[in-house]
Amino acid sequence: MNPIEILFEYWPRLLDGALMTLKLTFLGALIAGLVSPGLALIRVQAAPMAQAPLRLYVSFIRGTPILAQLFLIFYGSGQFRPALEEWGLWTFFRDPFNCALLAFALNSTAYQTEILRGGIMSVPQREIEAAKAIGMSRSKILRRVVFPHAYRIAWPALGNEVILLMKASALASVVTVFDVMGRTRQIFSRTFDFSVYLWAALIYLCITAAFVLLWRQAERRLSRHIHAPGTPRASAQPFKESQA
Amino acid sequence: MTKPETILKAEDIHKSFGRLEVLKGISLEARNHDVISILGSSGSGKSTFLRCLNFLEIPTSGKVTVHGEEILVKNGKPQNVRHIEDIRSRLGMVFQQFNLWTHRTALENVMEGPVQVKREPNAEARDKAEALLKRVGLEDRMHMYPSQLSGGQQQRVAIARALAMEPDAILFDEPTSALDPELVGEVLKVMQSLAAEGRTMIVVTHEMGFAREVSSEVVFLHEGRIAEQGPPDEMFANPKTEVFERFISKVK
């Protein structure tokens, strides 16, 4: 079979795999995105002792391969099946999709926390002071000044992290989740035609490209205040093009 | 004639950074319509003192009363922390570096306090903000971001932002020191007009012209204490202390 025939024959499966990849990546990044702001704040503000568990978690995630983390959850949970059954958690861990999602969410949370921590620490102190001086409460300052700035600063790095996560999600195929990679391996084992891997690569490439485009669009919106045409100081615009 | 009411009162403010005692007991009272200029050479503690008034710097000890609401500080601990935000919202502050929120337009900067702190409805805050920006001569710059404005324009937005809170008094922390010389005038003009309409202002400044002509009272700080204090005409005509005499001869 030539590559085109492969595509014609198997595109529904590949599409199915692409949707699974998107689902894994999107949900994983979203869960991490919801948890990381709180953790990043702890990393910036809490006492060193209170941060210790968080730092341990982050360095564990960053210091070990994501595949190892996935196996730890997938096979590790099997070891504790009786206990997990007792707590009613076995139904969750029995499903490889859940295990993969948990691994990716845990992984991305660690990275996003660190990225956001950097963003929070680069928020201009002066603007926080101005917010204090006008009588804003702490939580209001976080919502109106700190996080809006932190996310703008962290935005390109966060986009990068999502792309890395998307590519890492191919590992889910190892624990029998049928994402793009899982479907591709399945098709290959039937056809022994390597061109299906090319199609898989193309799918990943398309997803990444579409994502980069969207992310950059959002970035442009977020950084209007930097790119806006500067009337009196047009020559003093330090940022021409952002690095994504 | 009845005495104008006291707006702000600071009593025996001390502030130490580690072992260094920057403020060694400063008291100051601002009555309604007062324009007080605080002078002093660098390191005299004038900015620190100003920042103690709205607790951007927590004094080591002392008492600050704004419109009857008092905060007593002992051992670096304010006794009623909850009043701090309230006092801040009653005192406008204008910074040396403007400190505008760079991700918001001029108009949004001015609306932020009324909407977020005083919970005014958006439309009302917008009308007020537009009027204030007009007042500082920026009606055609309302939708620009701080990065698109010159230093003088940014500082005028910052003044409008402070005014939007309808403060009892406005604190100015060297408002013209970061400006190019040709932009100083436009900011001073706005400040002068505020003084003329009877705003209560406390101004840390190096602008001797402003201190002399606009303020009703001058306070000269030296090494963390008030060295001299009085109406500007008298003080500049006959300095009583040697340090102040030396100071004015140097800045002339």
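**Entry 1: a pair in chain B**

I started with B:Arg141, which forms a salt bridge with B:Asp140, the closest N and O atoms being 3.4 Å apart. My rule for a salt bridge is a side-chain nitrogen of Lys or Arg within 4 Å of a carboxyl oxygen of Asp or Glu. The cut-offs I use are under 20% relative accessible area for buried, over 50% for exposed, and partly exposed in between, with a 1.4 Å probe and protein chains only.

Housekeeping, before I go on: this is a predicted model, where local features need pLDDT of at least 70 and side-chain atom pairs count only at pLDDT 80 or more, while totals for chains, interfaces and linings use all residues. Residues are numbered from 1 along each chain as its sequence is written, chains are lettered from A and ligands numbered from 1 in the order in which they are written, and side-chain values use heavy atoms, with hydrogens and water left out.

**Entry 2: salt bridges in chain A**

I counted salt bridges over all chains and got 23 by this rule. One of them joins the side chains of A:Arg43 and A:Glu114, at 3.1 Å from N to O. This pair links distant parts of the chain, with A:Arg43 in helix α1 (residues 3–45) and A:Glu114 in helix α6 (residues 96–121), 71 residues apart. Helices here are DSSP runs of H or I with at least four residues, strands are runs of E with at least two, and both are numbered from the N terminus.

Both A:Arg43 and A:Glu114 are buried. For A:Glu114 I looked up the value: it is buried because its relative accessible area is 11%.

A:Glu114 also meets A:Arg117 in a salt bridge, 3.3 Å from N to O. These two both lie in helix α6 of chain A, three residues apart, about one turn of the helix. An α-helix has 3.6 residues a turn, so residues three or four places apart point the same way. A:Arg117 counts as partly exposed, because its relative accessibility is 22%. Salt bridges that share partners join A:Arg43, A:Arg62, A:Glu114 and A:Arg117 into one network.

**Entry 3: where chain B meets chain A**

How many residues of chain B are in contact with chain A? I found 30 residues of chain B in contact with 27 residues of chain A, contact being heavy atoms within 4.5 Å. The area buried between the two chains is about 2600 Å², and carbon and sulfur atoms give 52% of it. That figure is the accessible area (1.4 Å probe) that two parts lose on being put together, summed over both. On the chain B side, B:Trp101, B:His103 and B:Gln148 lose the most area to chain A, together 23% of what that side buries.

The rule finds two salt bridges across this interface. One of the salt bridges I looked up pairs the side chains of A:Arg144 and B:Glu112, at 2.7 Å from N to O. I also looked for polar contacts (a pair of N or O atoms within 3.5 Å; within protein, one must be able to donate a hydrogen and the other to accept it, and residues adjacent in sequence count only if both atoms are side-chain atoms). Eleven residue pairs are in polar contact across the interface, both residues at pLDDT 80 or more.

Several elements of chain B each supply at least two residues of the side that touches chain A: α2 (82–90), β7 (91–94), α3 (106–116) and α5 (151–164).

B:Glu57 sits in the loop between α1 (46–53) and β4 (61–66) of chain B. Why does B:Glu57 count as buried? Because its relative accessibility is 18%. Leaving aside neighbours within four places in sequence, B:Glu57 is in contact with B:Lys15, B:Phe17, B:Thr48, B:Arg51 and B:Cys52.

I checked α1(B) as well, and it is mostly covered, with seven of its eight residues buried. Among them are B:Thr48, B:Arg51 and B:Cys52. Just after α1(B), B:Phe55 takes a positive phi of about 65°.

**Entry 4: what the record says**

UniProt, in an unreviewed entry, places "domain: ABC transmembrane type-1" at residues 18–215 of chain A. Over that span the chain is 85% helix and 0% strand, and the end C-alpha atoms are 19 Å apart.

Technical notes:
UniProt positions renumbered as here; feature names shortened; annotations may be inferred.
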